[in-house]
Amino acid sequence: WHGDCYIAEGLAEYARATGETRYLDIARETIFKCAKLYDETDFNSGMAYPGSRNLWYWMLLMWFGICWLQDKQDTELKALVDRCMDAIMNYHVNPKFDLMNNTINHDLSRSDDPKHSELAGCGHATEATWMIMHEAVRRKDKALFDRISGMFRRHAIVSKDDVYGGYFNDCVNVDENKWELGKISWAQAFILINSLYVIEHTGVQWAKDIFSDENTWVQEKLPLKKYGFALWLEPRDRFATFIEKASRKDNYHHPRHLMLNVASLRRMVERGGKISEIFG
C-alpha cells in the first residue's frame, strides 16, 4: 500500500519535470485508490492491527495532495489534505501528554492497548509538522502555521538527547520514559527541515537554536565521507557509532531534506536574509 503512495508521488513529480501530463492522471488515480483502501475497516498493512490508522499513512496521502496543490487546484485533493491534517492534529495528538500517537483506532478513537496509546511517535510527528507548515504557507494561514510549528517545537524539546546530542525517534512508553535509543537519520532530517522552515518564515530565535545545534551534531556524526563512503550514517545506537556495513541506507528522506533545505536557503538568500513576510 505505502509503495503505491510513493509510486504516485514519483509519477506526479515525473510529470511536472517532463511535461508528460498523462502520468498525472495515473498518479491521482493511484492515490485515491490508496485512500479508498485505507478506509476499509479491515485494512491491514502489517504496521499494527486491522483497521488501525497510522500517522505515517495520513502523511503519505497528505503530502501527495500538498505537492499537487502547489501547482493546480483540485477540490477533491484539498478535501483529502484537510481530512489528513484534521486526523493528525486533532486525533493523533494524545491530550494526556500532548504528543502524537503513531497508531489510533479506525474511528479515530484512542487505542486501549498501552503499546499504542503510550507510544509517542516523535519522528513521524516531526515529519507531519513540516508538511503541514508547507500547506499553511500555501494557504497563507498564519494561525495554522503557528499551531503546527508549536507542535514541532513540543516534539523537538521532548525527543532531544540533551546528553549526547541528536534526536530520538519513538518514545515507546511516555509514562515510563522508555525510548528507542538508535538515532535514525530521518528523525534528524525532520528536525532540520522544520527548524529552517520556521526560520525562513518567522525568524524566531528558538528555531535558530534548534537548527544550529542539530546541524552541528549532524555534520559531526552522520556524513560518511571521512570513512570513504557516500551519503549518511544510519545510526544503530545512541552515540551514532560508525559501522562499516549497514543494513539500511536512506535513499529518500536524506535527499529530500537536502532539496527542501537548499530551496529554503535560496529563497532566504534572494530576500537578503529577511523573513518571507508571507503572513503579512
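This is a predicted model: local features need pLDDT of at least 70, side-chain atom pairs count only at pLDDT 80 or more; totals for chains, interfaces and linings use all residues.
Guide: Residues are numbered from 1 along each chain as its sequence is written, and side-chain values use heavy atoms, with hydrogens and water left out.

Visitor: Why is Ser185 called buried?

Guide: Buried means under 20% relative accessible area, exposed over 50% and partly exposed in between, with a 1.4 Å probe and protein chains only. Ser185 has a relative accessible area of 3%, so Ser185 is buried. Ser185 is found in helix H8, helices being DSSP runs of H or I with at least four residues, numbered from the N terminus.

Visitor: Which residues does Ser185 touch, not counting those up to four places away in sequence?

Guide: Taking contact as heavy atoms within 4.5 Å, Ser185 touches Trp232, Leu233, Glu234, Pro235 and Asp250.

Visitor: What makes H8 largely enclosed by the rest of the structure?

Guide: Of the 18 residues of H8, 17 are buried, and therefore the helix is largely enclosed.

Visitor: What puts the buried residues of H9 on the same side of the helix?

Guide: The buried residues of H9 are Trp206, Ala207, Ile210, Phe211, Glu214, Trp217 and Val218. They cover an arc of only 140° around the axis, which puts them on the same side of H9, the arc being that of the directions from the helix axis to the C-beta atoms. These buried residues pack against helix H7 (142-159), helix H8 (185-202) and helix H10 (253-270).

Visitor: How do you know that Cys171 is in no disulfide?

Guide: A disulfide is a pair of cysteine sulfur atoms within 2.5 Å, and the structure holds zero disulfides. For Cys171, the nearest cysteine sulfur, that of Cys122, is 6.7 Å away. At 4% relative accessibility, Cys171 also counts as buried.

Visitor: Which residues touch the most other members of the largest nonpolar core?

Guide: A nonpolar core is a set of buried Ala, Val, Leu, Ile, Met, Phe, Trp, Tyr and Cys residues joined through side-chain atoms within 4.5 Å. In the largest one, of 76 residues, they are Trp1, Leu61, Met62, Phe64, Ile88, Ile132 and Phe145.

How values were computed:
Helices (H or I, at least four residues) and strands (E, at least two) are DSSP runs, numbered from the N terminus.
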